[in-house]
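Please keep the structure open while reading.

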Amino acid sequence: MSDYQEQISKFENNYTTVLDKTVIDLSQTFDTLFYEKKSSLIPSTIETAISMLSKDYNVPTKMQISYDIANGYHDLRIIQNIDNESYLEKEIYYLRNTLDMYECNFYNNDNPINDVEAQVAEYIAMRSYTNLGNVFHALHRYIAAIDCFQNALLISNNFAMASLNLSFLLFYYAQLQIKSYEQNYYHHACFYYYEQTKKYKINLESQDYLDNLQNCISMFDTSYIEKYLSKPLNLPLFHVQDQAEIDYRNYLLTFRLFLDPCLDILSDPCFAVDSINLPFGKLLNEREKEFVGLFNQIKQEYNFARYLWYKISTDDAYEHYADKELDLIDTGDFADYSLQDSQMRTAFKTAYSLFDRIGFFINEYFQVGLTNTKISFKNVWKKELYAGNGQVYFTVPYPIINTHSDNPLIQAMFWLQKDFFEDKKVNVTTPHAERIFQMRNDMEHNCLRTGMQSYNVTFTKYTSDGKIENNTYRLLRLARELIIYLCLAVGFDRKNN
């Protein structure tokens with residue numbers, strides 16, 4: 001973690017030696033087109049930049065290209081003054097592509113191969129995290145936005161634009177929390193990042209931003225600030241006697257995989273619990289009981305997938321007794337047929353199937369009108385369903401994005417589903433989407449093996465244990481985000497009604 005002004009200085013001193021000159025010129029072209037409002041020339045410049053991504057540049061240079069592409073789509077939105085869905089999708093995609101390159105090559109790397117390259121990469125990543133956080137906030141994906149702002153602050157703790165935007169987000173997100181203590185914790189975090197922004201306000205691009213944040217803070221009662229917000233938190237203790245459970249909860253706490261909304265702002269053992277529930281009263285009618293039962297099932301399936309992921313991620317390789325005397329023929333590809341491998345595959349498939357289960361909940365609770373096999377997590381957001389020949393075969397009676405357009409958590413879930421691949425004609429918002437979709441398809445319908453072979457053969461495809469494990473983690477993070485949004489969406493709906 002370094003000083004923001006130091007970050008700028010290092011970047012300005014090093015970027016001309018690290019980044020390819022053609023890419024520096026490209027960045028300047030994007031800037032010129034924006035300032036001169038020449039939106040008609042931006043798409044062709046984006047196409048040029050996309051073609052450059054395949055060239056043999058170093059990682060920071062490719063990061064800069066991807067960052068410029070994202071900014072190009074952002075500039076189109078600003079100049080044309082429209083929130084074009086396609087532009088937003090591509091802006092998110094290329095910011096994430098930028099950050100993927102950073103996280104794969106520089107994140108948590110204490111001894112980078114090239115310190116100068118690392119410094120340039122960190123600066124680009126810090127700006128990318130903040131820009132992505134701003135987009136996610138605008139689309140109400142609050143949890144994803146919090147992650148982005150916090151990651152930017154991990155690079156430079158006094159990057160005031162990140163702390164300011166995070167404080168803004170927490171102020172508004174607090175109002176959507178179900179329980180009063182959750183709202184209080186979010187207010188406390190909001191005030192903390194407000195104080196941090198004031199401390200480093202010299203780093204703000206405009207002091208007007210701080211004035212706007214102060215207007216929000218002024219809405220808090222003075223005694224609330226003096227007696228609670230400005231004081232250190234006194235969090236409840238959470239006692240666990242069993243060492244195995246302690247290890248389990250501490251490990252998952254590190255990865256923020258528990259279903260407590262406060263875990264996004266406070267990584268404390270007291271939040272290593274799955275406390276979120278549907279905001280129904282104590283006296284449930286029959287329909288509410290059905291939804292509670294379905295939500296219980298969703299939580300338990302999430303818990304099962306999470307536990308399997310934890311076990312495989314932390315256990316050393318060993319031969320289970322169930323694998324003994326299993327008469328398998330060695331084909332020389334070093335494929336893994338162990339019980340551990342099967343457990344990781346089960347974790348992946350269970351996590352993936354959660355989303356269709358949640359899609360079913362959304363369809364029933366918000367009365368979208370899909371029936372039988374038409375219900376899926378992707379379909380629940382559509383207005384029409386298309387057959388393979390491109391013809392409409394079903395018109396959705398009550399498209400949720402229309403009937404609940406005022407519910408910010410519906411918007412959040414709508415944008416979260418864009419992290420899943422379905423059709424090459426439809427944009428996705430993460431570079432991992434198609435790979436995860438293909439892994440699931442190969443696992444369920446084709447022949448996918450984990451082994452040492454580096455190429456696919458006639459009908460057999462190969463992957464690694466690490467890729468399944470990483471993709472399972474990505475699914476678990478998305479499932480956690482979606483489950484929390486689902487509860488908050490129900491809470492918002494009930495409050496409005």
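## H3 against H4

In this predicted model, helix H3 (residues 42-52) and H4 have axes that come within 9 Å and cross at roughly 165°. Angles over 145 degrees count as roughly antiparallel. H3 and H4 are therefore roughly antiparallel to each other. Their crossing is left-handed.

On the H3 side, the contact is made by Ile42, Pro43, Ile46, Ala49, Ile50 and Met52. They meet Ile65, Ile69, Gly72, Tyr73, Asp75, Leu76 and Ile79 in H4. Sorted by class, the residues of this contact are 11 nonpolar, 1 polar and 1 charged.

## Leu53, between H3 and H4

The loop between H3 and H4 holds Leu53. Is Leu53 buried or exposed? The cut-off for buried is under 20% relative accessible area. Leu53 has 18%, so Leu53 is buried.

Which residues does Leu53 contact, leaving aside neighbours within four places in sequence? They are Lys62, Ile65, Ser66, Ile69, Tyr94 and Asn97. Two of these, Ile65 and Ile69, also belong to the H4 side of the contact with H3. Ser66 lies 13 residues from Leu53 in sequence. In space, the C-alpha atoms of Leu53 and Ser66 are 7.5 Å apart.

## H4 against H6

Helix H4 (residues 59-80) also packs with helix H6 (residues 115-138). The angle is about 20°, and the axes are 9 Å apart. Angles under 35 degrees count as roughly parallel. H4 and H6 are therefore roughly parallel to each other. The crossing of H4 and H6 is left-handed.

H4 contributes Pro60, Met63, Gln64, Tyr67 and Asn71. H6 contributes Glu117, Val120, Ala121, Ile124, Ala125, Arg127, Ser128 and Asn131. The contact of H4 with H6 comprises 7 nonpolar, 4 polar and 2 charged residues.

## Arg141, between H6 and H7

Arg141 sits in the loop between H6 and helix H7 (142-155). Its relative accessibility is 1%, so Arg141 counts as buried.

What does the side chain of Arg141 make a polar contact with? The partner is the side chain of Asp419, at 3.4 Å. Asp419 is also listed among the residues that Arg141 touches beyond four places in sequence.

Terms used
Residues numbered from 1 in each chain as written. Predicted model: local features only at pLDDT ≥ 70, side-chain atom pairs only at ≥ 80, totals over all residues. Heavy atoms only, no water. Axes fitted to C-alpha atoms, helices over the stretch in contact; angles between N-to-C directions. Helix = DSSP H or I, 4+ residues; strand = E, 2+ residues; numbered from the N terminus. Parallel < 35°, antiparallel > 145°, perpendicular 65-115°, else oblique. Left-handed = near helix turned anticlockwise from the far one by under 90°. Contact = heavy atoms within 4.5 Å. Nonpolar A, V, L, I, M, F, W, Y, C, P; charged D, E, K, R; others polar. Buried < 20%, exposed > 50% of the residue type's maximum accessible area, 1.4 Å probe, protein only. Polar contact = N/O pair within 3.5 Å; in protein donor to acceptor, adjacent residues only side chain to side chain.
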